[in-house]
Amino acid sequence: MLDEQQFRSQAETALHSLMQHLIEREEKVDSGFEVEEQGGVLNVEFEEPAGKFVITPNAPMRQIWISALSTSFTPDWDSAATAFILPKTGEHLMALVDRLIAERIEG
């Protein structure tokens, strides 16, 4: 298990990579969302219909918490994969967020 400093470093790296990925997606025509970072928290805001995903590190639990689609998703650090993975589906953080965005946009 990661100690708190290791977790914070891994979470910061993962969220920065995710933000860069989402900015690239956002810049595409008709992405339907905007992403912004505030104090280490990523917000993905949707235009139509209006809504928001919140993605934040939770150091005490060593998870990244995602509030999306009226549900909480909690990827854990997987040292073998060196990535945050949602245990229930095996999805990596970026793939999980991409799927959630697609589900939100497709309605």
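A: Let's start with R99, which sits in helix α2 (residues 93–106). Helices here are DSSP runs of H or I with at least four residues, strands are E runs of at least two, and both are numbered from the N terminus. This is a predicted model, in which local features need pLDDT of at least 70 and side-chain atom pairs count only at pLDDT 80 or more, while totals for chains, interfaces and linings use all residues. Residues are numbered from 1 along each chain as its sequence is written, and side-chain values use heavy atoms, with hydrogens and water left out.

With a relative accessible area of 28%, R99 is partly exposed; buried means under 20%, exposed over 50%, and partly exposed in between (1.4 Å probe, protein chains only). Setting aside residues up to four places away in sequence, R99 touches F73 and E91, where contact means heavy atoms within 4.5 Å. K28 is 71 residues from R99 in sequence, and their C-alpha atoms are 17 Å apart in space.

Now for the aromatic packing. Searching the whole structure turns up four aromatic pairs. One of them joins F7 and F84 edge-to-face, with 5.9 Å centre to centre and 90° between the planes. This pair bridges distant parts of the chain, as F7 is in helix α1 (residues 4–26) and F84 is in strand β7 (residues 83–86), 77 residues apart. F7 is buried at a relative accessible area of 0%, and F84 is buried too, at 1%. As for the cut-offs, rings of Phe, Tyr and Trp (its six-membered ring) pair if their centres lie within 6.5 Å, with planes under 30 degrees apart counted as stacked, over 60 as edge-to-face and the rest as tilted.

F7 also forms one aromatic cluster with W77 and F84. Another residue that meets F7 is N58, which touches F7, Q63 and W65 beyond its neighbours up to four places away in sequence. N58 is in strand β3 (residues 51–58), and its 14% relative accessibility makes it buried.

Back at F33, E47 is in contact with both G32 and F33, leaving aside neighbours within four places in sequence. E47 is in the loop between β2 and β3 and is partly exposed at 47% relative accessibility. E47 and S31 are 16 residues apart in sequence, with 9.5 Å between their C-alpha atoms.

Stepping back, the chain has two helices and eight strands, in the order α-β-β-β-β-β-β-β-β-α along the sequence. Its radius of gyration is 13 Å, close to the 13 Å that the globule rule gives for 107 residues, so the chain is as compact as a globular protein of that length. That radius is taken over C-alpha atoms, and the rule is 2.2 Å times the number of residues to the power 0.38. The C-alpha atoms fill a box of roughly 40 × 25 × 20 Å along the principal axes. Buried residues make up 35% of the 107. Of the contacts with a separation of 6 or more, 39% are between residues 24 or more positions apart.
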